[in-house]
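Please look over the sequence and the structure shown below before reading on.

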Amino acid sequence: MKRRFPLLLVLIFGILGIVPYYIPHATYQNFDNAMRNDFLRILSAFAIILGLVSLMRVHQDKIKRKRENWQYSYVLIIGFVISGIIGLLGGVEGELFLPTKIAGIQFDIQTLYLNIIVPLGSTMFALLAFFMASAAYRAFRARSIESSLLLAASFVIMIGVLPLADRISTHLPSFAQWIMDIPNVAAKRGITFGIALGGIATSLKIILGIERSWLGGKE
Amino acid sequence: MPLIILFIFALAPPTGVRAYDTPDDGGGSITVEWQISSDDAMIEGYEIYRSEEGTDYTLAGYVGRGRNRYEDETEDNTQYTYQVAAIINSEKGFSEPTAPTASKPQLFDRGATILLIGMFVFCAIILYFINQARRGKKLFIRKITGLDAVDEAVGRATEMGRPILYCMGIGLVDYIATIASFNILGEIAKKTGQYETPLIVPTSDPVVYTVAREIVKESYATIGRPDLFDTDKVYFVTDSQFAYAAAVDGVMLREKPAANFFIGYFKAESLIMAETGASTGAIQIAGTDQITQLPFFVTACDFTLIGEELYAASAYISKEPLLLGAIKGEDLGKIVILSALAVASIIGLLTKFPILSLFR
Amino acid sequence: MKIIEYLSTLDRRIVYLVLATAVMLPLVIPSVQKVRVMTPVAKLFNAVDTIPNDKILIVNIDYDPQTLPEMEPMGVAVLRHAFERRIKVAVLSLYVQPLGLAKKALDQVTEEFNQRANSVADSIIYGRDYVFLGWQPPPIVPLLGMGISISNVYTRDYYGYRTDSLPMMRRIKNFNDVGILVSLSGATAPLWWIAYSQTRFGVAVGAGVTAVSASEFYQYYQTGQFSGLMIGMKGAAEYEELVESRLQLRDRRRASEALGSLTAAHLTMIVFIIIGNVGFLIRRRRDRRSQ
């Protein structure tokens with residue numbers, strides 16, 4: 001029963017999720033809207049709580065058992081509690097009752113977000129440029145005719161997207177655009193078809209209970 | 001001057017006005033269409049008037065000039081008639097009234113017919129092959145080099161006495177790539193269990209962590225080695241994308257795994273992890289259905305499973321008949337789509353038949 | 001030859017250092033680079049420009065801090081375009097994290113316009129000219145719910161006002177009243193708008209995406225499912241170019257300023273790839289000769 005009930009739920013709601021695309025009648029659409037607007041929102045709220053509780057438990061356990069790098073778990077928990085208090089009691093821009101400005105220094109959630117999270121995220125993403133450079137330098141080799149073609153195409157694209165390209169040749173940006181529009185799209189479209197069909201097949205297997213790995217382990 | 005001319009000659013109303021129940025909807029809507037006024041370039045727009053069950057006309061809506069369609073909200077099974085007026089300042093040119101029309105809900109969206117047929121055909125194909133597999137028919141799948149290298153990767157790690165890192169990406173538990181990754185994780189856990197090679201599985205979602213932990217535990221139990229399961233090795237890190245990438249990089253630089261598996265749903269962090277792994281000298285096998293990340297994995301990893309090779313991986317490794325049957329069904333589905341594309345392309349090129357409208 | 005071989009096996013830290021220098025130098029002296037506007041961006045601009053008076057523009061801002069440098073100039077350029085043409089705008093996010101960034105872009109552009117305004121009619125007023133709808137989880141709710149009723153999905157806006165009480169929203173019911181929806185995302189949000197909203201309700205969709213994910217979106221632009229497409233920093237620069245040239249707006253063009261760094265970075269990578277390949281070919285020829 002422990003495994004059959006989730007499988008039954010998946011079967012019922014899987015089929016119910018497909019039906020609205022074909023039946024426009026208001027009775028069914030209202031039911032579908034209620035599922036998505038109300039039921040799903042409540043589920044999502046609980047999923048957030050599940051994630052937060054799990055996170056706290058993992059780190060509390062780490063501190064309790066003094067596992068490797070347990071000290072950083074304190075950083076996480078303290079940061080979580082402080083930002084939770086500031087956000088819930090201070091409001092997004094300090095409009096609630098907790099004061100979020102001391103001696104001219106603002107620490108409401110919007111300020112913290114814009115001045116801590118945003119630069120941190122941008123920095124991590126910026127690392128990609130360097131990793132791309134080292135990966136390209138290491139791996140882009142003209143080992144064969146196909147890889148030489150790939151290399152030539154990559155040069156055309158890399159130069160073609162720059163304002164400089166117009167000065168080299170007026171046809172270069174158009175040629176780069178053509179490579180992106182035609183051969184690139186043709187290849188990606190082929191992969192997309194395969195992925196879409198694979199997705200449908202896997203979804204069908206999950207709905208019919210053939211694929212059960214998401215339940216965790218085997219029966 | 002044009003306004004003066006309009007005043008002298010009276011505003012031309014829209015013509016050919018017709019009202020009909022909006023098709024393929026849940027009711028509550030009537031569509032009003034008309035041919036635009038010959039004075040369209042000079043007018044402000046069109047007002048749509050509605051009369052309910054023979055009562056006086058009231059204003060129902062307004063559209064700007066150049067537009068010839070309006071969908072009105074109505075009550076089902078009530079008769080309405082419409083008039084459309086071209087307006088400029090206070091001058092209005094009224095059309096002839098339409099015939100009475102009522103809206104009602106439809107039970108089936110005819111526009112989705114092709115989609116429904118396609119869905120049934122594809123599902124039937126898959127179920128047919130699953131049935132064939134259940135009856136014991138041998139189904140062939142072509143060689144997938146990346147999956148053949150799994151044994152080599154596990155063997156290498158065992159010889160070097162170093163762990164294996166299995167990274168499932170940042171997908172949630174309902175992502176197809178994550179589910180495919182669960183299958184592969186189970187098989188790799190069994191192989192590593194047989195050789196007693198440590199398996200490290202950092203995850204980025206609490207629910208995925210829970211499922212991954214159960215899968216690894218179950219895999220070790222299946223091969224008779226439940227004692228090998230270590231809760232410290234399968235753990236939840238963070239759901240923040242780049243924080244997760246930083247954590248995985250840290251594991252790779254400290255633990256120096258001999259083999260890295262990147263199987264699942266990845267976004268921009270893919271290259272950060274793959275390139276760091278390449279710098280440690282590990283053999284790397286990647287698989288994702290994210291088209292945008294494939295070039296990065298192909299560049300930085302030794303083997304890459306592209307798109308649906310990832311979905312086929314669980315069938316390939318486990319050789320389970322039901323899974324193989326689904327793969328065969330997908331392949332035939334692709335042949336059906338390609339054939340339809342080829343036929344439609346030829347028809348579209350050689351004739352004037354509006355073949356594309358069938359697919360919209 | 002030895003120098004070439006040495007250059008083709010450089011420590012990656014040297015590569016990082018050279019790249020960092022090449023990227024930073026053009027930023028020290030910012031200059032606006034003119035760009036040729038390509039068709040996907042021109043189509044998006046025209047699609048926004050020709051929104052009828054009785055319809056609104058929805059801007060879905062779903063970029064996060066990581067993709068901010070590439071995507072924010074797109075959002076700012078589209079908002080400038082809309083406000084200059086007096087197109088009513090509704091801004092929303094499908095996730096919570098981009099909300100702060102959406103607000104930042106709105107605040108920046110409204111301040112630009114209001115500083116120049118001479119009267120209330122010229123100003124950009126909340127509720128009359130634009131609304132910030134905020135966020136409603138999970139993402140599927142606005143994707144499908146807005147086809148029936150926008151006010152039902154966003155009963156209150158980001159600031160807590162009842163959406164149906166805002167002047168702009170009184171005659172806006174659902175996607176039928178939306179001229180185009182422009183989705184700015186570093187992920188696959190534009191595809192969700194197509195798969196759910198456009199398929200069910202026929203709303204026109206345009207997109208602004210990161211350069212690295214562009215290949216995923218081209219096929220949808222080719223089929224006409226996207227009315228237009230901005231790709232990466234260059235796409236943002238092209239839209240900025242159109243806003244300046246067609247609407248005579250001369251505000252700061254961040255994407256266009258950054259193109260100098262983009263050019264330097266690309267050229268640096270090309271040089272390294274060439275050096276790497278020259279070394280590889282020399283080594284290969286030497287190995288073949290010795291065999």
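## Salt bridges over the whole model

Over all chains, a search of the whole structure finds 38 salt bridges, a salt bridge being a side-chain nitrogen of Lys or Arg within 4 Å of a carboxyl oxygen of Asp or Glu. Side chains of opposite charge can pair when their charged atoms come close. One such pair is R50(B) with D72(B), whose closest N and O atoms are 2.6 Å apart. This pair links distant parts of the chain, since R50(B) is in strand β3 (residues 45-52) of chain B and D72(B) is in strand β5 (residues 69-73) of chain B, 22 residues apart. Helices (H or I, at least four residues) and strands (E, at least two) are DSSP runs, numbered from the N terminus.

This is a predicted model, in which local features need pLDDT of at least 70 and side-chain atom pairs count only at pLDDT 80 or more, while totals for chains, interfaces and linings use all residues; side-chain values use heavy atoms, with hydrogens and water left out. Residues are numbered from 1 along each chain as its sequence is written, and chains are lettered from A and ligands numbered from 1 in the order in which they are written.

## Where chain A meets chain B

Chain A brings 49 residues and chain B brings 59 residues to their contact, where contact means heavy atoms within 4.5 Å. The area buried between the two chains is about 4600 Å², and carbon and sulfur atoms give 74% of this area; buried area is the accessible area (1.4 Å probe) that two parts lose on being put together, summed over both. Of the area that chain A buries against chain B, Y22(A), P24(A) and L197(A) supply 15%, more than any other three residues.

Two salt bridges are found across this interface of chain A and chain B, and in a salt bridge between E275(B) and R138(A) the N to O distance is 2.7 Å. On the side of chain A that touches chain B, two or more residues come from each of α2 (26-64), α4 (109-139) and α8 (183-207) of chain A, and α8(A) gives the most, with 16 residues.

## Where chain A meets chain C

In the contact between chain A and chain C, 53 residues of chain A touch 60 residues of chain C. About 5000 Å² is buried between these chains, with carbon and sulfur atoms giving 63% of the area. The rule finds one salt bridge across this interface, and D166(A) and R36(C) meet through their side chains in a salt bridge (3.0 Å, N to O). On the side of chain A that touches chain C, the largest share, 17 residues, comes from α4(A).

## A nonpolar patch on chain A

Which residues make the nonpolar surface patch of about 850 Å²? The patch is made by I48(A), L52(A), F80(A), V81(A), I85(A), L88(A), L89(A), L96(A) and F97(A). Patches are made of residues with over 30% relative accessible area and no salt bridge, like charges being joined within 9 Å and nonpolar side chains (Val, Leu, Ile, Met, Phe, Trp, Tyr) within 5 Å; accessible areas come from the Shrake-Rupley method with a 1.4 Å probe, and for residues only the protein chains shown count as cover.

The elements that give two or more residues to this patch are α2 and α3 (71-90) of chain A. Helix α3(A) provides the largest share, five residues, and I85(A) has its place in this helix α3 of chain A.
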